[in-house]
Amino acid sequence: QLTPSSFLRIGQLSNVDLNEDIHELETELPRQRPNEIPHNEKLLSLKYESLDYDNSENQLFLEEERRINHAAFRTVEIKRWVICAMIGILTGLVACFIDIVVENLAGLKYRVVKDNIDKFTAKGGLSFSLLLWATLNASVVMVGSVIVAFIEPVAAGSGIPQIKCYLNGVKIPHVVRLKTLVIKVCGVILSVVGGLAVGKEGPMIHSGSVIAAGISQGRSTSLKRDFKIFEYFRRDTEKRDFVSAGAAAGVSAAFGAPVGGVLFSLEEGASFWNQFLTWRIFFASMISTFTLNSVLSVYHGNAWDLSSPGLINFGRFDSEKMGYTIQEIPIFIFMGVVGGILGALFNALNYWLTMFRIRYIHRPCLQVVEAMLVAAVTATVGFVMIYCSRDCQPIQGSSVAYPLQLFCADGEYNSMATAFFNTPEKSVVNLFHDPPGSYNPMTLGMFTLMYFFLACWTYGLTVSAGVFIPSLLIGAAWGRLFGISLSYLTKGSIWADPGKYALMGAAAQLGGIVRMTLSLTVIMMEATGNVTYGFPIMLVLMTAKIVGDYFVEGLYDMHIQLQSVPFLHWEAPVTSHSLTAREVMSTPVTCLRRIERVGTVVDILSDTSSNHNGFPVVESNPDTTQVAGLRGLILRSQLIVLLKHKVFVERANLSLVQRRLKLKDFRDAYPRFPPIQSIHVSQDERECMIDLSEFMNPSPYTVPQEASLPRVFKLFRALGLRHLVVVDNRNEVVGMVTRKDLARYRLGKEGLEELSLAQT
């Protein structure tokens with residue numbers, strides 16, 4: 001039976017309470033449904049569970065380890081490398097698929113619209129062309145938005161915030177499902193073809209992660225198939241490592257930047273890191289960019305020339321004519337400041353917009369309508385800008401894909417049209433590489449202004465789309481404008497080549513919006529294929545981050561906070577040393593005795609008010625004088641498997657019937673353990689006893705109740721725990737620290753603030 005609250009737990013990001021539908025049916029009162037959902041950013045949602053990075057070292061685990069010999073460990077290690085290679089190959093192929101389909105569909109759309117415009121320019125009546133363009137865009141985006149809003153809401157946006165949360169240890173429902181991948185890929189193709197101000201690079205990271213999670217588990221819950229391979233990797237620890245490899249492979253397929261991918265995984269994602277992992281992730285990234293390169297080279301017809309390492313290729317920047325001198329460095333730093341301010345403005349606008357969306361546009365049909373509106377407006381703005389622009393450039397010697405003549409003389413084309421009448425990736429490359437003098441400053445200024453607001457409005461729509469390319473495009477446009485005005489001021493000196501400033505502007509704008517430093521520097525260096533610019537790009541990004549952080553946090557962190565995810569940052573808040581574990585922990589703790597009545601276990605698990613996932617196990621002496629010391633920790637998932645297999649003490653002597661449970665039984669139930677309601681326990685069985693000693697983790701991590709918050713935080717964060725037991729000096733359980741207890745404390749404007757917890 002599905003109660004309304006279980007719908008909420010399925011994990012829709014819009015927190016609509018479904019009780020209201022029922023009210024509406026019962027009473028025909030007007031306005032029963034709220035138009036506004038109160039949403040407060042100072043909340044932490046309780047619907048997100050934590051991932052458990054810590055292995056339970058119970059007796060089953062130790063027995064399995066004794067059974068496995070050295071050769072078997074060898075094969076596990078080989079399997080890891082095989083999985084990483086498969087992740088790389090599949091991510092590369094998905095990227096190729098997206099690229100080829102987008103290229104063909106967008107090309108078809110632009111050809112149709114261009115022929116139409118050319119036809120109507122001659123005989124008047126251009127409003128038909130505008131109608132055609134807007135209708136094409138809106139209908140394509142409608143399909144892309146419907147599949148996201150109605151089938152899989154998690155696939156909305158770029159997916160980077162969700163993957164950051166997953167690698168941080170938060171289990172976001174449905175985030176690494178096969179269904180999400182399919183919707184993500186189709187959605188991204190449709191939204192790019194629909195002409196929205198979006199890129200197809202961000203979603204590649206999410207796609208790579210889904211591929212990694214799927215392959216490493218060797219089965220798919222969406223297809224209900226179990227391929228019986230890689231069973232050893234069915235636990236959070238392994239899955240999470242592979243997901244970070246998948247995210248890296250996604251970055252490297254998107255930008256042709258394998259090292260950038262590894263650093264992205266390190267900087268944005270993984271909380272736990274070791275040397276072997278680095279090497280495997282790098283391997284997956286390299287394989288992914290190589291696969292993409294070879295397939296696209298074959299597709300473009302030059303099979304031996306590996307020239308397209310990523311989905312976006314910034315083209316070559318030659319050091320000879322594009323070097324920089326020492327006196328330009330202050331100029332670059334100034335561009336970084338501008339990028340930081342513009343990025344902060346972008347984030348602040350998007351923040352208010354997202355708050356508005358959460359409150360008012362929470363129904364799928366409204367979300368689809370909004371997406372169609374944005375698509376139509378984008379087309380209209382583009383058309384009006386092209387129509388009003390009088391900036392004509394000669395056609396010969398220029399590499400424009402769809403030159404629109406419009407009102408220009410024969411042999412000339414409209415240069416505003418190259419910016420709007422193209423996929424954003426192509427426009428970025430044009431801004432980097434077109435020779436000086438191909439753009440009018442007026443054109444660039446208008447374009448920057450318009451595109452800034454369009455991109456800001458588009459991010460957070462219910463479509464799959466990335467924010468990387470629009471940011472680069474905005475930055476490249478104002479950077480080129482900056483370069484042109486510099487060469488005006490310096491009477492056309494040789495060093496003011498606008499392409500170089502376009503690159504710096506793009507870096508500054510992107511850094512100001514997403515606030516990544518290390519990985520972004522390397523991604524830009526690898527994508528431009530030029531190490532000379534490493535230093536200025538690094539300076540620009542650092543400046544943009546410092547300036548932006550002064551105003552508002554990065555876009556991804558902001559969206560994580562708006563979804564009330566209990567995200568743990570690298571460090572505890574600086575002023576929190578005065579808080580101790582006693583003040584932070586959750587009490588009272590539900591403990592189990594080592595030999596417990598089955599009825600008690602079932603009642604505790606069925607109790608919805610205290611939805612706990614970990615239970616400390618204490619000594620079960622009937623003698624009251626002795627202290628009930630902590631003996632171990634057992635998880636809800638383990639208890640459910642025990643009840644399902646009916647492992648009771650009374651049956652232990654029927655050893656013929658009963659085979660002992662192995663770790664494999666626990667792994668086969670992972671990751672979706674059946675809910676307790678689906679397990680039937682009869683009245684007689686409730687009176688049986690259940691012995692937890694060989695299934696519980698006998699050495700859980702504990703802290704004394706006097707430990708300060710930063711110490712608790714460090715232990716919790718560095719080991720990736722899910723439960724941390726707080727004990728007093730007699731080893732009695734006094735409390736339990738979970739992720740929500742630590743994520744509650746945050747540094748606000750006035751100092752340390754504590755967030756409240758909400759059920760939604």
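Predicted model: local features only at pLDDT ≥ 70, side-chain atom pairs only at ≥ 80, totals over all residues.
1. Overall make-up. The protein is built with 29 helices and 18 strands, and 56% of its 760 residues count as buried. Among the contacts with a separation of 6 or more, 77% are accounted for by residues 24 or more positions apart.

2. Surface. The accessible surface of the protein comes to about 32,400 Å², and carbon and sulfur atoms hold 62% of that area.

3. Setting of S50. This serine belongs to strand β2, which covers residues 49-50. S50 counts as buried because its relative accessible area is 7%, and the cut-off for that class is under 20%.

4. Partners of S50. Leaving aside residues up to four places away in sequence, S50 touches G169, K171, L721, R722 and R739. With R739 there is a polar contact from side chain to side chain, at 2.8 Å.

5. Setting of S699. This serine is found in the loop that runs between β12 (689-691) and β13 (702-704). Its relative accessibility is 44%, and S699 therefore counts as partly exposed, a class that lies between the 20% and 50% limits.

6. S699 and R631. Although S699 and R631 are 68 residues apart along the chain, their C-alpha atoms are separated by 7.7 Å in the model.

Note on methods: Residues numbered from 1 in each chain as written. Heavy atoms only, no water. Helix = DSSP H or I, 4+ residues; strand = E, 2+ residues; numbered from the N terminus. Buried < 20%, exposed > 50% of the residue type's maximum accessible area, 1.4 Å probe, protein only. Contact = heavy atoms within 4.5 Å. Areas by Shrake-Rupley, 256 points an atom, 1.4 Å probe, with all protein chains shown as cover. Polar contact = N/O pair within 3.5 Å; in protein donor to acceptor, adjacent residues only side chain to side chain.
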